[in-house]
Amino acid sequence: MSVIEARGLRKEFTVRVKRSRLRREKRIVHAVDGVDLTVERGEMLGYIGPNGAGKSTTLKMMTGVLMPSAGEVRVCGYTPVPQRTKLTRRIGVVFGQRSQLWWDLPLRDSFDLLRHIFRVPAADHASRLRRCRSLLDLDEFLDIPVRQLSLGQRMRGELTAALLHGPEVLFLDEPTIGLDVVSKQAVRSFLTEVGVRGDTTLVLTTHDLADIERLCQRLVVIDHGRVVHDGTIDALHARYGSRRRVVVDLDEPVASYSGAIVEADGRRLVFEVDGSAAAVVARLGGLPGLRDIAILEPDIEDVVARLYKTTTEDAP
Amino acid sequence: MALLRGQISAQASYRVSFAIDLGTNMVATMLDVLTVLVLFRVTKALGGFTLREAMVMVGLTALAFAAADLTVGNIERVKLYVNTGRLDAVLVRPLGVLPQLLLMDIPIRKAARSVFGATVLGVALASADIDWTVARVALLVYALLGGVLFFASIFVATASVAFWWIESGEIGNAFTYGGREFTTYPINIYSGWFRRVFAYGLGFGFVSYYPALALLGRTDPLGLRGGRGARAPAVSVAIAAAPAAVWRVGVRHYRSTGS
Ligand SMILES: Nc1ncnc2c1ncn2[C@@H]1O[C@H](COP(=O)(O)OP(=O)(O)OP(=O)(O)O)[C@@H](O)[C@H]1O
Ligand SMILES: [Mg+2]
């Protein structure tokens, strides 16, 4: 049985738009507009899309926070809102924008409270906490009230809090938002650790595509509440014809070179290749004044930017 | 109970504000009683009730309200949680929303009010001329439970409004605190539609007025049939079922906030 199953999932919000000082108009926002999604145990899924695409709303429906307007969703075999309390024991949730910890308590006490709320056996709790402490370097701020923690420290606390009851599925809504490079790395390698065991399913939304490249095999892209891509990162590159590039810098300018685009006053040649770059590199051997050769992987940012752009143009 | 301990230690980290709160809570409750005392300096009787008799109603109201406030008063905070989307975090934990909101902030400071309410009621009962029987003792207990439940359901009902109407502001307080004012005095001092709506329509008359009549062994100056007093708490229980249902529907109606 799949861990997550969504069929025709929809969420509409009625918002009042101010037209003039007195008049207000009701408008319906289709935040999630018919999402179908199946996620198997142990998958690490990147769920991306431009701002306002409906990512957070989808996650809220899957975690029992929001009641769907239409469609079906099952997580760990439960229907999230009606079976909320049962579901919460099986999932872990991190909302990057919103703290789940107790503002006035040190992390240590928050973790202790969670142990009681989730009724986790003391031994399990202790061993999970020990693992998180060493992987996330929590020790130096374990006794400081949450309100005094930095964002990065707090986020490490949030991750730990979400994992202490041993969830089968971990939902992460922008877990790296606002973090510096080092903290981002810490979060990513921690999540890799969590994922390698293969028994925890991970659903992650982010605007930092490096998170996806590091962590997720599968990528689901949504826009205007609809799934516009579902597959591997490679499949996305293939679909948009993005290719690897070989960039050659020269000492002396050349006028032209077969199969290459000439840039920088003739001092740079750029080749686009499918698959192996070996043939191109072999041909370059005899080129006079050869200074440097670099092989660039296709840039996921470019592909995704193109994807967002085309879907926005298609939209009604 | 660990949740309780955690809260106490969290509150202890704000010692000064805690002491101030405790102080203001005490003063507010004393003012309630002072108002009634001052009133009776002006008139000898209120709606045909002497000071001692009226104090039974004051005491019943004070204790029932304070106990309800102590147990579920915190539910008022749901407004803030709905407004800021912080309810999201509450919903992903395996406990009901209500118990979590209540435990989020244990109102130790409000305990003082309950103690004070109990004292007022104790003094009132002792000084009023009550012919104690087993039935009357039972009625007292039963009336208090009914009263607490009644005020508790007013708290829940008014808090539920926040799920539909975020800018509900202080409207809820009109019912909770206004209701407490109402039941502090004998209902026959109010007149016409106002009394009908509040005392019978919304059921405030059954919190202190009718139980007090039964305790004091008086007939209703308003001429309702006898036995009303004894049945009054049952009315409160019946009324309490509705807010619980409204609350549950409200939680499903929660729409969180963007992002
Ligand atoms: N509580 C709400 N009330 C009204 N509209 C909402 C609410 N929450 C979200 N929306 C709307 O639904 C749409 C999807 O929002 P959502 O927060 O799911 O986007 P997102 O993909 O998470 O975006 P971001 O990347 O900016 O976080 C947006 O148009 C937003 O305005
Ligand atoms: Mg979002």
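In this predicted model, α3(B) passes α8(B) in a right-handed crossing, a crossing being right-handed if the near helix is turned clockwise from the far one by less than a right angle, and left-handed if anticlockwise. Helix α3 of chain B spans residues 51-72 and helix α8 of chain B spans residues 134-164, and their axes come within 8 Å and cross at roughly 50°. Helices here are DSSP runs (H or I, at least four residues) numbered from the N terminus, and their axes are lines fitted to C-alpha atoms over the stretch in contact, with angles from 0 to 180 degrees between N-to-C directions. α3(B) and α8(B) are therefore oblique to each other; angles under 35 degrees count as roughly parallel, over 145 as roughly antiparallel, 65 to 115 as roughly perpendicular, and the rest as oblique.

The residues of α3(B) that meet α8(B) include B:Leu60, B:Leu63, B:Phe65 and B:Val72, while those on the α8(B) side include B:Leu140, B:Val148, B:Phe151 and B:Phe155, contact meaning heavy atoms within 4.5 Å. By class, this contact of α3(B) with α8(B) holds 13 nonpolar, two polar and one charged residues, where Ala, Val, Leu, Ile, Met, Phe, Trp, Tyr, Cys and Pro count as nonpolar, Asp, Glu, Lys and Arg as charged, and the others, Gly among them, as polar.

Helix α3(B) also packs against helix α11 of chain B (residues 209-216), at an angle of about 135° and with the axes 9 Å apart. That angle makes α3(B) oblique to α11(B), and α3(B) passes α11(B) in a right-handed crossing. B:Glu53, B:Val56, B:Met57 and B:Leu60 of α3(B) make the contact with B:Tyr209, B:Pro211, B:Ala212, B:Leu215 and B:Leu216 of α11(B), a set with eight nonpolar, no polar and one charged residues.

In chain A, helix α3 (residues 107-117) and helix α5 (residues 151-163) pack at about 20° with their axes 10 Å apart, and α3(A) and α5(A) are therefore roughly parallel to each other. Their crossing is right-handed, and A:Leu107, A:Phe111 and A:Leu114 of α3(A) touch A:Gly157, A:Thr160 and A:Ala161 of α5(A).

Residues from chains A and B surround ligand 1, so the site is shared between chains. Of the 19 residues around ligand 1 (a heavy atom within 4 Å), A:Gly52, A:Lys55, A:Ser56, A:Thr57 and A:His207 come nearest. The table lists polar contacts, which are pairs of N or O atoms within 3.5 Å.

| Backbone N or O atom of | Atom of ligand 1 | Distance |
|---|---|---|
| A:Ala53 | oxygen | 3.2 Å |
| A:Gly54 | oxygen | 2.9 Å |
| B:Arg255 | nitrogen | 2.9 Å |

Residues are numbered from 1 along each chain as its sequence is written, with chains lettered from A and ligands numbered from 1 in the order in which they are written. Local features need pLDDT of at least 70 and side-chain atom pairs count only at pLDDT 80 or more, whereas totals for chains, interfaces and linings use all residues, and side-chain values use heavy atoms, with hydrogens and water left out.

Key
Helices (H or I, at least four residues) and strands (E, at least two) are DSSP runs, numbered from the N terminus. A polar contact is a pair of N or O atoms within 3.5 Å; within protein, one must be able to donate a hydrogen and the other to accept it, and residues adjacent in sequence count only if both atoms are side-chain atoms.
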